[in-house]
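Try each task before you read its solution.

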Amino acid sequence: MELLTPAEMGRADRLTIEAGTPGIRLMEAAGRAVADAVGHRFAVGTRVVVLCGPGNNGGDGFVAARILRERGYVVSLLLFGDRDRLAGDARAAAERWPGAVDAASAAGVARELPKCGVVVDALYGAGLSRPLDGEARAIVEAVNATRRRVIAVDLPSGIDGATGRVMGAAVRAELSVTFFRMKPGHLLLPGRLHCGKVITADIGIRPWVLKEIAPKTSRDAPEGWRDHLHAPGLGDHKYSRGHAVVVSGPMTRTGAARMAADAALRAGAGLVTLASPPDALVVNAAHLTAVMLARMDGAAGLAEILADARKNAVVLGPALGVGEGTAALVAAAAASPAAVVLDADALTTIAADPTASFAAIAGRAAPVVLTPHEGEFARLFPDLDPRAGGADLAKTERAARAAARSGAVVVLKGADTVIAAPDGRVAIADNAPADLATAGSGDVLAGIVGGLLARGLPGFDAASAAVWLHGECGRRAGAGLIAEDLARHLAPTLADLYEAERRRGWETADEDGEDDEMGVGGTD
């Protein structure tokens with residue numbers, strides 16, 4: 001689940017080579033993985049055009065072309081650049097190619113590609129350092145114009161592996177074959193749209209290099225937080241599973257908070273209370289069953305509710321309204337010992353004076369999670385967002401800097417949601433379907449975060465798990481979902497996670513038992 005930037009992947013290669021594995025062996029394995037990907041999808045005899053660039057990505061292409069030719073494919077190889085200027089392992093791979101090498105040009109691509117069944121893009125991969133221009137860009141645009149099926153080596157040419165950005169122009173592939181670990185650019189938009197399906201191939205780089213590299217970025221997946229999210233035990237009771245509080249808006253804006261409260265309860269909080277202003281009590285009471293209801297008279301009322309230390313998480317923002325009243329509620333929550341989730345209107349409110357709010361967050365022991373979409377993020381951190389005239393940074397970098405500045409875990413939402421912790425850890429989620437772009441979806445996510453915080457998960461793990469669960473619920477709900485559909489899918493999703501935890505426990509017990517028997521036998 002670790003993600004490596006191109007620079008980190010380069011270091012992984014160097015460490016492996018320094019430890020005794022020849023670079024050409026890694027290149028041979030990479031090219032073979034690409035050839036295998038072609039072989040699994042296209043019949044022997046298919047015409048393949050391999051586009052090679054001047055670096056190691058092109059070397060991978062030379063290997064793939066040779067192996068495909070040996071397997072019976074009809075292979076044409078086009079090289080962008082001077083063959084005599086190839087160096088190192090790429091030169092060695094080119095010398096092993098027994099066929100013709102034609103010059104790659106936009107005109108040649110337009111002429112050759114319509115005759116083939118599949119294109120292997122080995123022009124640049126992750127090695128691109130500047131935007132494509134001139135003939136290189138024209139070649140990429142010609143590849144896309146032919147609308148042939150493309151398998152990319154590492155990354156589609158033109159995609160920045162660290163940021164997912166299009167560098168001038170980028171190939172659109174249906175499959176990308178990467179090596180050892182994926183890169184942020186495989187998951188971040190718009191890169192993800194160009195990559196198609198991504199296969200990660202083992203080419204002989206050993207996992208120990210990760211300890212040397214210590215990557216900070218990962219793919220959001222259960223492996224990252226499952227050690228904190230456990231199935232309820234027989235000795236648990238509702239009070240031991242935490243008590244979340246969700247703050248309701250006024251009478252005409254109560255639905256968002258109720259959805260958040262329902263999600264918090266279904267996420268496993270033992271108890272959930274909806275803190276309601278007096279004018280909304282009757283409306284909320286008419287809709288609530290398992291979620292409890294408490295009267296809240298402004299910030300003083302919220303402070304009184306949170307004075308009960310058993311209420312260990314609070315969610316503020318969904319349909320709460322923007323202004324001084326909300327600012328006072330946020331201050332009351334920050335002054336409590338509870339973990340805090342700030343969403344929607346709470347974020348817009350503190351954007352008026354974020355420095356004061358961040359100072360309050362910095363002095364807390366319990367975690368704070370901010371869940372902005374791009375518009376809210378731009379209001380909170382205008383210097384970190386090009387939409388507000390700030391720096392043009394990668395999404396991961398924007399979220400990481402925002403987390404460090406605010407002292408909070410930041411969930412920067414979108415199709416490629418990024419979760420960032422103040423200590424520099426970053427996770428990128430890629431399991432959310434487009435159907436989640438619907439009113440109220442974010443309110444449900446805020447509630448899931450609150451429920452997991454109430455259960456005692458650390459801030460970054462609670463946020464990461466909530467984002468993944470939210471995406472999985474959206475996937476299960478399917479096309480046409482509305483926000484109210486999401487929470488009901490938490491039960492089967494969590495059940496699957498708990499069952500996987502039980503299976504891991506059985507496997508560990510079996511291994512321990514085998515070890516014990518072997519130990520006894522050895523003693524005898």
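**Exercise 1: a serine and its surroundings**

The backbone oxygen of Leu436 sits 3.1 Å from a polar atom in the Ser441 side chain. Keep in mind that this is a predicted model.

Task: Work out whether Ser441 is buried or exposed, and find which residues Ser441 touches beyond four places away in sequence.

Solution: Start by locating Ser441, which belongs to helix H19 (residues 441-454). Next, check its relative accessible area, which is 4%. Buried means under 20%, so Ser441 is buried. Finally, look around the residue: leaving out residues up to four places away in sequence, Ser441 touches Leu436, His470, Ala483 and Leu486.

**Exercise 2: two helices**

Task: Decide how helices H2 and H4 are oriented to each other: what is the angle at which they pack?

Solution: First get the geometry. H2 (residues 23-41) and H4 (residues 88-95) pack at about 60°, and their axes are 9 Å apart. H2 and H4 are therefore oblique to each other. The crossing of H2 past H4 is right-handed. Now zoom in on the contact: Gly23, Ile24 and Met27 from H2 meet Asp89, Ala90, Ala92 and Ala93 from H4. Sorted by type, the contact residues are five nonpolar, one polar and one charged.

**Exercise 3: a valine in a strand**

Task: Find the strand in which Val177 lies, and say whether Val177 is buried or exposed.

Solution: Val177 is part of strand S6 (residues 175-179). Its relative accessibility is 1%, so Val177 counts as buried. Not counting residues up to four places away in sequence, its contacts include Ala33, Val34, Ile151, Val153 and Ile199.

How values were computed. Residues numbered from 1 in each chain as written. Predicted model: local features only at pLDDT ≥ 70, side-chain atom pairs only at ≥ 80, totals over all residues. Heavy atoms only, no water. Axes fitted to C-alpha atoms, helices over the stretch in contact; angles between N-to-C directions. Helix = DSSP H or I, 4+ residues; strand = E, 2+ residues; numbered from the N terminus. Parallel < 35°, antiparallel > 145°, perpendicular 65-115°, else oblique. Left-handed = near helix turned anticlockwise from the far one by under 90°. Contact = heavy atoms within 4.5 Å. Nonpolar A, V, L, I, M, F, W, Y, C, P; charged D, E, K, R; others polar. Buried < 20%, exposed > 50% of the residue type's maximum accessible area, 1.4 Å probe, protein only. Polar contact = N/O pair within 3.5 Å; in protein donor to acceptor, adjacent residues only side chain to side chain.
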